[in-house]
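Dear colleague,

I am handing over the structure below, and would be glad if you could look through it alongside the notes that come after it.

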Amino acid sequence: MIRIDSVTKRYPDGTVAVDNLSLEIPDRSITVFVGPSGCGKTTTLRMINRMIEPTEGRILLDGKDLAQQPVNTLRRSMGYVIQNAGLFQHRTIVDNIATVPRLLGWSKDKARARARELMDRVGLDGALAKRYPYQLSGGQQQRVGVARALAADPPVLLMDEPFSAVDPVVRKGLQDELLRIQEELGKTIVFVTHDIDEAVKIGTNVAVMRTGGHLAQFAPPAELLSNPADDFVEDFLGADRGIRRLSFFSTADLGLLTTPIVAVDSTAEQISERSAGDVPYLLVTDVEGKPLGWSEPARLTAGAVDPERLLPYGRPFEHGKESLRAALDGAVLSPTGWAVAVSADGRVTGVVSQQTIGEAIRAAHAEGDPDGRTDGRTDAKVAG
Ligand SMILES: Nc1ncnc2c1ncn2[C@@H]1O[C@H](COP(=O)(O)OP(=O)(O)OP(=O)(O)O)[C@@H](O)[C@H]1O
């Protein structure tokens, strides 16, 4: 654990970049510092690896004051990733990644083998190993930056706006990759960003900072969205707070109906049996059970279902894996107001009305803490 204890940083010109900051960064989690430009995020991050020394207060790593530890040993235990990757332009990709192991005295072969293993880990094609940084896309360069920081297997990874310079699609890929790496390797990651959506997506805990180096709120993302500490945090979180919070609620307990579903080759008896009880719509699937579209029962003729004439079914959600946000989105996207639940292979497992989703949302809000857990990112967060 990293403990920031009453830390203030005052630059020689009198600027107070960080003002009496105290918080704890748990092991094997992602702690995100987010806030407007100049609020002291980078200064805080750099005090953790002692690129900047605090004016007052102290930072402890596993109970030991950083100020008492040799800087070189400390930096070796902390990978560091910056915006635009900061790669050595005259070195190949494999040698960029092998930099720290080489400094630690590993043989060239061993360091390169480790670098190739890491390329795979961060989703880089091994064929890029002999290229130079300028021959890679921005997103690929960022992956190299992450691989280089991981090379000596440090327990801590410090990341300063690592994905800010790439377009939104590449950025989403890099965020997903980081979450996967974190799940596999269990690093203690401290991540700086000015993008609140990125913070909410990847953070186990999020520290919202405001100008003057003040900590406005430190909480897991779901709690930030449900209980912003003040107007500043609420404004910073932006619109759609309620909808975004639904991402943290699972669909596992959503009551699905399995009756109003017919296959495209159903008989007249099957159609009438499935529409019993005043069902307003039937979901038609193909013979494999994948969704085709909705129809009013009276408009379905056995043996003559025209998939072109069915009503759209929106975006199906993966039951139990995706969140209530995905379920609501599916229901809103379909003119019938019903959402379609599927299994991982895309086969329909049931359907659910907007009304039932609304009830589940009310119940989840009433219970408060999403999923009842805030102990680990992957547990507390639901896909979609
Ligand atoms: N070497 C320095 N001397 C004087 N002031 C500095 C120095 N470095 C940073 N500052 C000031 O300290 C404050 C915090 O800077 P810092 O870089 O930590 O902010 P930040 O939140 O990371 O900003 P950004 O998102 O723009 O990178 C700013 O007002 C900045 O101008």
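The chain has a mean pLDDT of 90, with 96% of its residues at 70 or more. The exception I would point out is the stretch of residues 371-380, where the pLDDT is below 50, although in the model this stretch has 19 contacts beyond near neighbours in sequence. Where pLDDT is low, the predicted coordinates should not be read in detail. For the model scores, ipTM is 0.97 and pTM is 0.82.

As to the overall layout, the chain is divided into domain 1, covering 2-239, and domain 2, covering 261-365, and the centres of these two domains, taken over C-alpha atoms, are separated by 43 Å. The UniProt record, which is an unreviewed entry, places the feature "domain: ABC transporter" at residues 2-237.

Strand 1 and strand 2 run antiparallel and are joined by 6 bridges, with Ile4 having Leu23 of strand 2 as its bridge partner. The hairpin that these strands make has 5 residues between them, and Gly14 there takes a positive phi near 100 degrees.

Strand 1 (residues 2-10) also pairs with strand 4 (residues 56-61), again in the antiparallel sense, over 5 bridges; within this pairing Thr8 stands opposite Glu56, while Asp5 stands opposite Arg58. Strand 4 in turn is joined to strand 5 by 2 bridges, the two running antiparallel, and Leu61 has Lys64 in strand 5 as its bridge partner. Strand 4 and strand 5 form a hairpin with 2 residues between them, in whose turn Asp62 has a positive phi of about 50 degrees.

Turning to the ligand, which residues are the closest to it? Of the 13 residues that surround the ligand, the closest are Tyr11, Ala17, Ser37, Thr42 and Thr43. Helix 1 (residues 41-48) gives the most to this shell, contributing 3 residues. By residue class, the shell around the ligand divides into 3 nonpolar, 8 polar and 2 charged residues.

With best regards

Notes. Residues are numbered from 1 along each chain as its sequence is written. This is a predicted model: local features need pLDDT of at least 70, side-chain atom pairs count only at pLDDT 80 or more; totals for chains, interfaces and linings use all residues. UniProt positions are given in the numbering used here, feature names are shortened, and annotations may be inferred rather than shown by experiment. pLDDT is the predictor's confidence in each residue, from 0 to 100. Two residues are in contact if their C-beta atoms, placed from the backbone, lie within 7 Å. A residue is near a molecule or strand if its C-beta atom, placed from the backbone, lies within 6 Å of it. Helices (H or I, at least four residues) and strands (E, at least two) are DSSP runs, numbered from the N terminus. Ala, Val, Leu, Ile, Met, Phe, Trp, Tyr, Cys and Pro count as nonpolar, Asp, Glu, Lys and Arg as charged, and the others, Gly among them, as polar. Two strands pair if DSSP finds at least two bridges between them. Domain bounds come from an automatic or database domain assignment.
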